[in-house]
Amino acid sequence: MHALPFACLRPTPDHAAEFAALPYDVFDRREAADYVASHPRSFLAIDRPETAFEPGHDMYAPEVYAAARRILEERAADGTLMRDPNKCYYLYRLAQGGHSQTGIVAACSLDDYTGGAIKRHELTRRDKEDDRVRHIEATGCQTGPIFLAYRDDPTLAFLVDAAKKAEPLYDFEDGEGVRQTVWRVGRPEAVEALELMLARMGCAYIADGHHRAASAARVCASMREEAGATLTGEEPFNQLLCVLFPASELTVLPYNRVVEDTNGLSPEELVQAVEAAGFEVGEPTAEPVEPAEKGEFGMYAAGAWRKLRWAAGELPGDDPVTSLDTSRLQDKVLSPVLGIGDPRLDPRISFVGGNAPLAELERRAGEKGVAFSLFATSVGELMRVADAGLLMPPKSTWFEPKLRSGLFIRKIAEPRTEFRA
């Protein structure tokens, strides 16, 4: 793989804690507005620029993206942001509770993405891509890092551990209780060693950030077309802002489902339909069901929980997609029983990831809906799907802790005032 050092636009150490923010796509519009109102100098004001306008304003209007450019320029002018003079790598550690993971921040080749060395496992939506394309074009920057996983390498781990003995660039705890620590790797010898080891890496896997990657690829393609015969391949838009983590350090949490209604089925009919779909259905209980292993589910409907298990003789084979719990639920229950044909587009289904309590599923399902708790998809399952060139159902993985946006910004071109389709 081609994972290169780069010249970073980043917050000064005094401003890093107030500037860093959770990714744009973990907030709905109201949540984003509330967060920016209480954290006006955070990067989310740039990442979600509609927060500078009235709630009813078209969040995809040209003036909204222009606001992102303006606020970014203001933060560079007022000393919040600085630019490193030399190309370097960064090490980014996130620690929460007893868990810690350290990634390498680098500029990865978009040719590796289009050529399959950076492997994906989810489809993207064009409307969501369009938003990030316009954001990149308006700011001239890649602002949200792509979360990549790679198979552990002991030599690379040694280099990373050695570099972490230096004084950190940033070291703070954010509002969610995650300690954020960043080291700059700028010595020529250390940069060269990391670059050589990363070049030996056969592939990496997108853990989170499929839309950011697809959007950056579209921007790259259009800029390459404009460059024509003058294209050298060295232009900044030919790379993608990424953080690469060893797979063994990652934590995947469940991604649960809530459907707003039972598709006209009574509680008894719903149970019968799930049993007919190949599941063993337990007795109703008031206690929430948190699956303890693969093949186990919880179902909440009509005020009661039930434990579901794949019935004997219904266990999946070795197919990397159909053997996923998320696939099993989608193919056997959500689609044929509850009528959720395309979970990416159907407004009747919502997804609840991370550490959200099961009581949140009960609240969202209410009296008329149905909720499902799942066992977490593993990193190994993700890699098997991607290696086979296949796709998971949407929202199959939720990685924690989430990478913060705003700590690393890559300028790739001059900002645009007009956007292309």
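These legends walk through a few close-up views of a predicted model.

Residue numbers start from 1 along each chain as its sequence is written. Because the model is predicted, local features need pLDDT of at least 70 and side-chain atom pairs count only at pLDDT 80 or more, while totals for chains, interfaces and linings use all residues; side-chain values use heavy atoms, with hydrogens and water left out.

**View 1. E18 and R41 join up in a salt bridge.** A salt bridge here is a side-chain nitrogen of Lys or Arg within 4 Å of a carboxyl oxygen of Asp or Glu, and that rule gives a count of 32. For E18 and R41, the N to O distance is 3.6 Å. E18 sits in helix α1 (residues 16-19) and R41 in the loop between α2 (29-38) and α3 (44-47), so this pair ties together parts 23 residues apart in sequence. Helices (H or I, at least four residues) and strands (E, at least two) are DSSP runs, numbered from the N terminus. E18 is partly exposed at 36% relative accessibility, and R41 is partly exposed at 29%. (Buried means under 20% relative accessible area, exposed over 50%, and partly exposed in between, using a 1.4 Å probe and protein chains only.)

**View 2. D111 and R224 link two helices.** Their salt bridge is 3.1 Å from N to O. D111 belongs to helix α5 (residues 110-115) and R224 to helix α9 (residues 210-227), so the pair ties together parts 113 residues apart in sequence. D111 counts as partly exposed at 40%, and so does R224, with a relative accessible area of 26%.

**View 3. K294 meets E381 in another salt bridge.** The closest N and O atoms are 2.9 Å apart. K294 comes from the loop between β15 (279-281) and β16 (296-301) and E381 from helix α13 (residues 379-387), so parts 87 residues apart in sequence are tied together. K294 is partly exposed at 35% relative accessibility, whereas E381 is buried at 14%.

**View 4. Strand β10 pairs with β4 and with β9.** Two strands pair if DSSP finds at least two bridges between them. Strand β4 (residues 89-96) runs antiparallel to β10, with seven bridges joining them; look for Y92, whose bridge partner in β10 is V182. Strand β9 (residues 170-173) is also antiparallel to β10, through four bridges, and F172 has Q180 as its bridge partner there. Five of the seven residues of β10 (residues 179-185) are buried, so the strand is largely enclosed by the rest of the structure.
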